[in-house]
Amino acid sequence: MGDPGDPWTVEKRFRVTEVFLAILWCLASAYLSYFFTDCLMSRWLLFYTPSATVVRLLTTDALIAYITNCVLYLSGASQDPRMLLPAWVSIATTLTMLYHLTHRKINIRKETSASKFVFSVASFLSLCTLLLQLHLTRDNDPTVPLFEMMRQAWVLIHRALHVQAACT
């Protein structure tokens with residue numbers, strides 16, 4: 001990896017971004033998995049005893065964990081961290097589709113809107129992060145006035161803080 005003081009290369013920045021986004025999608029998958037099993041459990045408790053519901057819940061969770069592990073292995077994410085992001089996006093997408101397929105006949109608006117919100121937030125953050133990373137790695141981009149104003153404001157704030165620190 002090199003000295004910690006060395007500047008980050010484009011490849012290193014992309015890898016860190018991809019791993020961060022993979023963690024984000026992993027958390028979104030965990031949240032969607034919770035909603036999926038929670039709604040199934042609520043429905044099962046109406047028809048089965050609590051012990052039968054627990055067995056069904058544990059079986060469903062074990063199946064989700066096994067399939068997740070298979071997807072991570074088959075996508076190559078266990079050998080190459082660059083494949084973590086597409087693997088976790090596909091896992092979250094599959095969980096969202098399964099959730100909506102199994103719960104479309106039930107009127108559960110709170111969980112449905114929450115699952116859409118989680119998926120939307122993860123998608124938006126991924127898009128913004130990747131676009132920012134793409135913008136930061138280009139050498140021949142035109143100057144963006146907003147970024148230039150923000151950079152100048154940062155320089156002014158930095159100078160003001162140094163002047164204030166020097167006076168005290």
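This is a predicted model: local features need pLDDT of at least 70, side-chain atom pairs count only at pLDDT 80 or more; totals for chains, interfaces and linings use all residues.
Which helices each supply at least two residues of the lining of the largest pocket?

Residues are numbered from 1 along each chain as its sequence is written, and side-chain values use heavy atoms, with hydrogens and water left out.

The fold, then. The chain has five helices and zero strands. Along the sequence, that reads α-α-α-α-α. Helices here are DSSP runs of H or I, at least four residues, and strands are runs of E, at least two, numbered from the N terminus.

Of the 168 residues, 26% count as buried. Buried means under 20% relative accessible area, exposed over 50%, partly exposed in between, with a 1.4 Å probe and protein chains only.

Now contacts, meaning heavy atoms within 4.5 Å. Among contacts with a separation of 6 or more, 64% join residues 24 or more positions apart.

Back to the pocket. The answer is α2 (50–74) and α3 (84–102). α2 gives the most, with six residues. A pocket is an open set of points on a 1 Å grid over the protein atoms alone, with protein on both sides within 12 Å along at least five of seven lines; the probe is 1.4 Å, and lining residues have an atom within 4 Å of a point. The largest one holds about 220 Å³ of space. That volume is the space filled by probe spheres set on the points, which are joined across faces, edges and corners.

The lining includes Phe-36, Thr-60, Ile-64, Leu-95 and Leu-98. By type, it divides into eight nonpolar, four polar and no charged.

Look at Phe-36. It is found in helix α1. Phe-36 is buried, at 8% relative accessible area. Leaving aside neighbours within four places in sequence, Phe-36 is in contact with Thr-60, Ile-64, Leu-98, Tyr-99, Thr-102 and His-103. Phe-36 and Leu-95 are 59 residues apart in sequence, yet 7.6 Å apart in space, C-alpha to C-alpha.

Ser-33 also lies in helix α1, residues 10–47. Ser-33 is buried, with a relative accessible area of 15%. Not counting residues up to four places away in sequence, Ser-33 touches Ile-64 and Leu-95.

Technical notes
Ala, Val, Leu, Ile, Met, Phe, Trp, Tyr, Cys and Pro count as nonpolar, Asp, Glu, Lys and Arg as charged, and the others, Gly among them, as polar.
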